[in-house]
Amino acid sequence: MLNFLRFSRKNLVLDVSDRDVVVAQHAALSRQIPILYLILAINTVGVAGGFVGKAPQAMTIGVPALIVIACLMRAAHWMNVQSVETPFDEAVLRLRRTQTMAAVFAIAFVIWVTALYPYGDALSHSLIAFFVGFTAFASLFLMVNLPSGALTVTALIIPPFSIFLMSQGEPSFVAMGIDLMLSTAAFMIAQMRYSADFAALVRARIDTQKLDAENKRLANLDSLTNLPNRRQFFARIDAAIARRAGKPGGLYVGVVDLDGFKPINDIYGHALGDRLLTEAARRLEVYGSPNVFIARLGGDEFGVVVEEQTSERAVMGLCADICLALREPFDLHDVNAKISGSLGLAVFRGDDHTLALYEQADYALHDAKQNHRGEAVLFTAEQQSSMRRLSYLEQALRAADLDSALYLKFQPIVSTQTGAPVAFETLARWRDPQHGEVSPDVFIRIAEKTELMNDITEVLLRKALEAAKDWPDFVSVSFNLSVRDITSPQATLRIIQIVRDSGIAAHRVEFEVTETALISDVEQARESLIALKALGVKISLDDFGTGYSSLNYMLQLPFDKIKIDRAFVRDVAEPGMAADIVRSVIDLCRNLKLDSVVEGVETEDQKRVLHSLGCTAMQGYFFAKPMPEHEAKELAGQAAKAA
Ligand code: C2E
Ligand code: CA
Ligand code: CA
């Protein structure tokens with residue numbers, strides 16, 4: 001008895017333990033139930049037909065008409081049900097109601113046919129048995145996705161009716177009753193197996209879907225900050241451009257880059273760097289909305305997509321706010337970091353594609369970083385034309401025969417005691433047939449984006465060393481290396497080989513590197529510098545004072561000389577901090593036994609003040625502008641004679 005109750009509880013009550021299965025059951029059932037009601041209606045008409053004229057009209061027309069109408073109403077109701085995306089609670093409610101309704105119909109049907117029974121002959125009795133059996137099987141079959149409902153209906157119809165049949169004493173009816181019971185039991189077992197399989201199938205499908213959704217989510221999210229990633233950023237721009245359908249405006253693409261992040265990451269370690277990035281992401285996220293999309297593009301670069309019919313001014317206002325938010329100090333437990341974020345913004349003009357918009361924003365960002373650090377810069381028509389020029393120059397530089405198109409100028413570095421050159425800094429020049437002389441600030445920047453830079457360094461370094469052979473021994477050559485030369489071991493090895501092959505004494509060769517070049521990959525840069533120093537050459541830290549790193553940090557690298565940037569020299573003769581800064585850097589260099597050079601000396605006044613501050617080596621237009629090779633040779637020769 002207890003087992004029976006347990007069986008009944010387990011199989012006759014709707015199992016709601018798995019929400020996904022319930023929702024799937026509901027979806028599958030909503031397609032089957034109307035058919036089940038139609039079958040019931042047809043069978044009712046069938047049974048009634050067999051008794052017309054034999055039983056009272058109320059039972060052959062009245063009751064069946066009620067059952068048929070009820071069936072048709074329920075069928076119509078189910079046909080209107082939106083099976084897709086039915087919420088769990090509603091699905092449970094519907095399934096429970098279906099089960100109850102099915103039970104009510106089953107009981108009504110059984111009572112009705114049992115009541116009809118006495119009016120029929122042997123033939124109509126078999127008809128009833130046929131219809132009852134068929135109805136039970138149809139409900140088992142069509143409610144296969146609602147096992148509790150199917151079993152309830154079957155349990156209500158088959159056992160009472162079979163017992164009723166057997167109780168008639170007629171041997172063929174007894175056989176029919178037994179047959180009905182046994183085949184229903186077999187059918188029920190098959191049904192239960194099927195529904196278990198159905199649940200497993202639903203589970204598997206849902207699990208796959210969830211996994212798939214999770215994979216998609218992860219593929220589109222940045223794992224550190226949980227912001228949308230680069231891929232989603234570009235997809236978002238793609239979609240926005242498609243929505244604009246060629247209409248200008250209404251779409252803005254911004255690229256944000258943190259200023260001063262790299263040194264913090266290098267000095268305090270990646271764990272702290274990660275915390276800073278996460279915190280920066282949180283600050284940016286605040287500006288996100290349905291129209292403002294924020295993403296992390298990688299490293300310390302973030303993306304902003306604004307899709308709104310609003311003015312450029314309004315969007316620039318938003319961008320300025322973003323920059324302000326990044327300027328607030330970052331409290332990272334043990335360290336209080338102050339950085340800023342520069343932003344470049346491009347406006348959709350109607351015909352730009354995704355990459356073009358990104359490149360425009362990136363171009364404006366570069367301008368921001370160079371000239372308006374920590375602020376937002378809008379990509380303008382002038383920038384558009386200078387970007388076109390850059391892309392022309394890039395092609396031209398690639399096509400050029402570097403050996404003949406590039407040449408060097410030489411600017412003396414002068415000893416303030418003797419007034420004679422102690423070295424020449426070599427400065428790259430490029431004459432393009434169409435654009436004429438192109439500034440190294442422009443073409444080196446272009447070249448640095450590609451391996452072209454390494455080729456340029458090789459060509460120029462050979463020329464520089466060749467020229468230096470004509471100078472007296474005490475005059476060195478100071479050559480500028482680019483970030484690409486010290487962040488690639490192969491490039492460094494080639495440089496070493498070129499110095500060796502030149503036959504020049506290594507101590508006469510100096511390499512200038514900037515802080516920006518160093519911090520892009522400090523570890524590799526350090527290795528490269530050590531390898532170069534092992535050769536016997538000297539290393540100078542160029543443009544000192546323009547970067548963001550701490551002096552202590554920079555001094556951990558193996559430098560021989562510091563070149564103080566001309567930004568300090570400009571104001572050194574005026575009242576203010578510049579003189580103090582220069583003095584303390586020179587003192588520090590002396591203590592650390594490092595040489596120092598001051599760059600960009602343009603006036604007698606500056607020279608005098610710098611001299612009084614202890615500067616012994618200077619470079620600048622006051623002494624000489626960069627000169628062609630033969631002039632450098634001449635100047636070096638004079639110095640040799642004077643010595
Ligand atoms: P830099 O290494 O700081 O070179 C010094 C720059 O300052 C040179 O500009 C030089 O002409 C200029 N200069 C020298 N004295 C004065 C002065 O008294 N006043 C002013 N206002 N400027 C002065 P240049 O030749 O245009 O080179 C610009 C930059 O291009 C260089 O800055 C360097 O970063 C890069 N560069 C030049 N040649 C090479 C090269 O062969 N390889 C690499 N990687 N970079 C190079
Ligand atoms: Ca230099
Ligand atoms: Ca410099």
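1. Leaving aside neighbours within four places in sequence, which residues is Asp-222 in contact with? They are Leu-227, Pro-228, Asn-229 and Arg-296, where contact means heavy atoms within 4.5 Å. Asp-222 sits in the loop between helix H7 (171-219) and helix H8 (230-244); helices (H or I, at least four residues) and strands (E, at least two) are DSSP runs, numbered from the N terminus. With a relative accessible area of 12%, Asp-222 is buried (under 20%; exposed is over 50%, partly exposed in between, using a 1.4 Å probe and protein chains only).

2. A word on the basis: this is a predicted model, where local features need pLDDT of at least 70, side-chain atom pairs count only at pLDDT 80 or more, and totals for chains, interfaces and linings use all residues. Residues are numbered from 1 along each chain, chains are lettered from A and ligands numbered from 1 as written, and side-chain values use heavy atoms, leaving out hydrogens and water.

3. Now the calcium ion (ligand 3). Its protein donors are Asp-542 (OD), Asp-543 (OD), Glu-599 (OE) and Glu-599 (OE), at 2.2 to 2.5 Å. Donors are N, O and S atoms within 2.8 Å of the metal (3.2 Å for Na, K and Ca), and sites may look incomplete because water is not among the atoms. Asp-542 also coordinates the calcium ion (ligand 2), 3.7 Å from ligand 3.

4. Asp-543 lies in strand S13 (residues 538-544), and Glu-599, 56 residues apart from it, in the loop between strand S15 (595-598) and helix H24 (604-612). Asp-543 is partly exposed at 26% relative accessibility, whereas Glu-599 is buried at 10%.
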